[in-house]
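Biologist: I'm new to this, so please walk me through the model in plain words.

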Amino acid sequence: ESGSRSRTLEGLDPQQSAAVLAPRGPVCVLAGAGTGKTRTITRRIAHLVAAGHVAPGQVLAVTFTARAAGEMRGRLRSLGIGETGAAVQARTFHAAALRQLRYFWPQVVGDTPWQLLDRKFQAVGNAANRVGLATDRDTVRDLASEIEWAKASLVGPEDYPSAAARFHRDSPDDPEKVAQVYAAYEQLKTRGEDGMLLDFDDLLLHTAAALENSPAVAEEFRDRYRCFVVDEYQDVTPLQQRVLDAWLGERDDLTVVGDANQTIYSFTGATPKFLLDFSRTYPDATVVRLERDYRSTPEVVSLANRVIGAARGRIAGTRLQLVGQRASGPEPSFAEYDDEPTEAAAVARAIERLIAGGVPAAEIAVLYRINAQSEAFEEALTQREIPYQVRGGEGFFQRTEVRQAISALQQAARRDDLPDAVGTELVTLVRAVLAPLGLSDTEPAGAQARERWASLRALVELTVELADRDTTLGVAELLRELSARAEARHPPVVQGVTLASLHAAKGLEWDAVFLVGAVDGTLPIAHVLGDASSGPDEAGIEEERRLLYVGVTRAREHLQLSWALARNPGGRRGRRRSRFLAGLVPEDSPASLVAAPKKASRSRPRCRVCGKALIGSTATMLGRCESCPSNVDDALLVDLKEWRRETSRELKVPAYVVFSDNTLLAIAEQ
Ligand code: ATP
Ligand code: MG
């Protein structure tokens, strides 16, 4: 045993080893990004098997994506525990439930046949039709996501309207109507021609019910599986937790790992509450905290700590400071550009330099908030002939809405709907052609509709850019230019630079990360900021901050955050750098500004926006302008204590912070 023990503990620190060696029973590893959580659970499985505590087939490890499950199987195999890796089941919740249900169905339900529902949107569309709601593609998709959210949250149709209000759901229609669609959809599924139809969430519901209601099934199952492991436990939904509880029954042989600060899937019903309550649920749990960050340089770790250090709310209460273990590297850099094509070209140039310097393209990622942002970066990389792949999505020109838009333009051109318009006129006409496809003036409600809207808008912006460059551009040339771009794009490659949304980047790491488009309205995304009629969604804003944290912590060594003040060259520079970067960007950090306004140190400093005296508090060591909250929000609070620590400069209090237009201008002492 000692041989296998030393192998399964090789390359682990004492806390990681403690989690690996913890006795069977409830174990919870609570730790930040890059601390080796995934490594630790994989080793724990290997250890339990190698030490003979459990047979490989008795282990069920669940993760949230098929890819992560595959990666875990690979890691187990490569741990050199023979065929063991192959026999341990590492699956998503759904895949595990599907397998079990196939086996248990006759015993629990009997002869009634069932099938996986493979035309979900059609079923939701039929249900919407019955209720008298629109059945266009986007509405149906948004209705389907709402139903998924409700089922994952264990909310039935009757309770949907009140739950939707409580959780700030972005319902595609009147919540009462959505509830009716939900009820109709559930009813439709019970009377399929070939028996019952089950959607993915039904797989989980029926699995839990089978174990809860049939002692024989429960006994057989519990005899088969004895040890459960869950990665990314902060993303478990109440429905998945119910399945997990059903799997466990009275037993408690469960290892979970997670980081509440990486909760970024609340919109699907995921909640960190089960992670945060774990030691209350299992009072004798072994709880291990990991603080050493093995992934990133201390410079990246320090920025990550500061990003998440500003978080608020219950999740933020679980804050863990990461301590970087790697050798020092370059400081993360921040870059502001006039417009998006300039930002994209600069990022492509920097990527080219990294590749020339020996960083493999596959070790570089460009991360953004929404998929519609990929266009400019795909174009810039194509220009430099740098291979790339878009992760978890299609390239810009492959997206359904973009293909539809181009074909609508082609048809309009053939029908001569677009006369010989050039320049700005062309843009107006393009807008008119795209309007029926979903290009409204204001951002629509519903995630699908928003995504489509963002892609169409990106296409219009691209037209604006091309029309600016060539004022004689007509519709034929525009279509030629668009198809040339679409064709020039590289075919999918595996070893290229990764372009990915922040959501799709979770759990992964690269040597170099370019986090782009860090502007207010994109990160945080516009719809959480609210408007005149609705206030800001504070919980939504916090989730956006965690997305930034996830992005920053993907970088091993090189990290650049960038933003553009306008979309197009020469466009209105109306954008603002992401509020989450306040106080983090060196140019406006207190250290470089302290010498700025001499006068301010004598008289009480005045806000440059509203002219009123600034407020500073000795007690909290925070300074802000409280007179013009529209310009200065809480995210701009500057922690003077932190500043003192960093600059090792003594500051006499009270001290005041001078803001102008969301930018920190100076710290002044009195
Ligand atoms: P995330 O929260 O992003 O999912 P994680 O906590 O799961 O991160 P891992 O992916 O397991 O972290 O590990 C991060 C990196 O650190 C990996 O490259 C891993 O191989 C490495 N690593 C983990 N533990 C150690 C260790 N004790 N010594 C050296 N490297 C380690
Ligand atoms: Mg992990």
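Modeller: Let's begin with a term: two strands pair if DSSP finds at least two bridges between them. Helices (H or I, at least four residues) and strands (E, at least two) are DSSP runs, numbered from the N terminus. This is a predicted model, where local features need pLDDT of at least 70, side-chain atom pairs count only at pLDDT 80 or more, and totals for chains, interfaces and linings use all residues. Residues are numbered from 1 along each chain as its sequence is written, while chains are lettered from A and ligands numbered from 1 in the order in which they are written.

Biologist: How many helices and strands does the protein chain have?

Modeller: The protein chain has 26 helices and 21 strands. Out of its 670 residues, 43% count as buried (20 or more other C-beta atoms within 10 Å of a residue's own; 12 or fewer is exposed, in between is partly exposed, and C-beta atoms are placed from the backbone).

Biologist: And which domains are there?

Modeller: The assignment, which comes from an automatic or database source, gives domain 1 (2-97 + 203-290), domain 2 (118-198), domain 3 (300-395 + 491-581), domain 4 (396-488) and domain 5 (589-669). Taken over C-alpha atoms, the centres of domain 1 and domain 4 are 48 Å apart.

Biologist: OK, the open sheet. What order do its six strands come in?

Modeller: The order is S3-S2-S6-S7-S1-S8, with parallel pairing. Strand S3 (89-92) and strand S8 (286-290) are at the edges with a single partner strand each, so one side of each has no neighbour in the sheet. From one strand to the next, the twist averages 15°.

Biologist: Which helices sit on it?

Modeller: Helix H2 (residues 14-21) packs on the sheet and touches strand S1 (27-31) and S8, its direction making about 155° with that of S8. H3 lies across S1, strand S2 (59-63), S6, S7 and S8, and runs at about 165° to S7. Those axes are lines fitted to C-alpha atoms, for helices over the stretch in contact, and angles run from 0 to 180 degrees between N-to-C directions. Contact is when the C-beta atoms of two residues, placed from the backbone, lie within 7 Å.

Biologist: Back to S1. How many bridges join it to S8, and how many to S7?

Modeller: Five bridges join S1 to S8, and four join S1 to S7. Ala31 has Leu290 as its bridge partner in S8, and Leu30 has Gly258 in S7.

Biologist: Is S1 mostly covered or exposed?

Modeller: Mostly covered: five of its five residues are buried. Val27, Val29 and Ala31 are on one side, with Cys28 and Leu30 on the other.

Biologist: New topic. Which residues come nearest to ligand 1?

Modeller: Gly36, Lys37, Thr38, Arg39 and Tyr294 come nearest, out of 19 residues around ligand 1 (near means a C-beta atom, placed from the backbone, within 6 Å). Helix H3 (residues 37-50) gives the most to that shell, with three residues.

Biologist: Where does ligand 1 lie relative to the domains?

Modeller: Domain 1 and domain 3 both give residues to the shell, so ligand 1 lies between them.

Biologist: Last one, Gly195. Where is it?

Modeller: Gly195 is in the loop between helix H10 (175-190) and strand S5 (196-198). Gly195 counts as partly exposed because it has 14 C-beta neighbours inside 10 Å. Leaving out residues up to four places away in sequence, Gly195 touches Thr112, Pro113, Trp114 and Gln115.
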